[in-house]
Amino acid sequence: MTNCTKSIVVSNQSQPISFEGWLNLLDISPNVANRIKRAELPIVFPVNIGAIKSTNRCIGETICEEKIQIAKHLGEKLNAMGMAKAKQGLWQEALTIWGDALHVQKVILGSENSDVACTLNNIGIAMFWLGRVELALNALEEALRVRRTVFGDTHLDVAATHHNIGNILMRKCDYFTALLSFQEELRIKKQLISKSGKDAGDCDLTQAFLGIGKAYLKMSQFQEAKSNFQDALKVFKDLDVSDDHPEVVRILRDTKKCDLYESRAKRLPRI
């Protein structure tokens, strides 16, 4: 464990609390606390932690406020560590780390918190890549519920969660329900553009159009699929993305699939 020389004063008698002491005060699972200690996280206490005097507050109030800061800080560090593992393809290790982050966050911050929703989203993605589709869907649906509670229905994080849920439903071959998720993502992003002045690049409309297009393609609704692929291409063109960009190349390939499959379908004998 990194030796942190900073401490926090929680009374006029200047009682220091070490990082290990804060872990004990967080009332988290001993197993989680031990994993955090072994992780040697580069802990840097948030502003004011390490030098706060509770001249006008009782010790309990000070500890409670600083517990929240520590929990948020730990959650950020653990999420970053999990993301580093995910980028290496080490999804099981990432899942364990994010599970520890979720435990810390729920114990201190409660379940209705944006940090909790972010970690649930990460857990859902890890579950997806580990092939645990139902558990992935459960985690993402919980993330969506929390994000709606915290942010309301019209927020980019809510739209992003709809997109992730759509991807999992595509894996389950539930194309119609996936389509509904992608369409809700698009609705939110278009509303943000019209109300807040965000542009298509900031909202990443292409991802919504592509999700809708792929769902329609799987449902053999080729004209609708092609229309959404062309909408995605238009956004890329407006953003001056080159024709040899990998995403543009993939969209052009999928657009050709629509033409090919539609042509084959027209040649099939009618019953």
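Author: Lys85 has a relative accessible area of 24% and is therefore partly exposed; buried means under 20%, exposed over 50%, and partly exposed in between, with a 1.4 Å probe and protein chains only. The model is a predicted one, in which local features need pLDDT of at least 70 and side-chain atom pairs count only at pLDDT 80 or more, while totals for chains, interfaces and linings use all residues. Residues are numbered from 1 along each chain as its sequence is written, and side-chain values use heavy atoms, with hydrogens and water left out.

Side chains of opposite charge can pair when their charged atoms come close. The term requires a side-chain nitrogen of Lys or Arg within 4 Å of a carboxyl oxygen of Asp or Glu. Glu93, at 38% relative accessibility, is also partly exposed. By this rule the count of salt bridges comes to 13.

Another of these joins Lys226 to Asp259, at 2.8 Å from N to O. Because Lys226 lies in helix H11 (residues 222–238) and Asp259 in helix H12 (residues 246–267), this pair ties together parts that are 33 residues apart in sequence. Helices here are DSSP runs (H or I, at least four residues), numbered from the N terminus. Asp259 is partly exposed, at 33%.

A further salt bridge links Asp238 with Lys234, at 3.2 Å from N to O. These two stand four residues apart in helix H11, so about one helical turn separates them. Asp238 is exposed at 52% relative accessibility, and Lys234 is exposed at 51%. Elsewhere, salt bridges that share partners connect Glu112, Glu142 and Arg145 in one network.

For a setting beyond these pairs, one may turn to a residue in helix H4 (residues 91–109), namely Gln105. Its relative accessibility is 1%, so Gln105 counts as buried. Leaving aside residues up to four places away in sequence, Gln105 touches Gly75, Asn79, Gly110, Asp115, Val116 and Thr119, where contact means heavy atoms within 4.5 Å.
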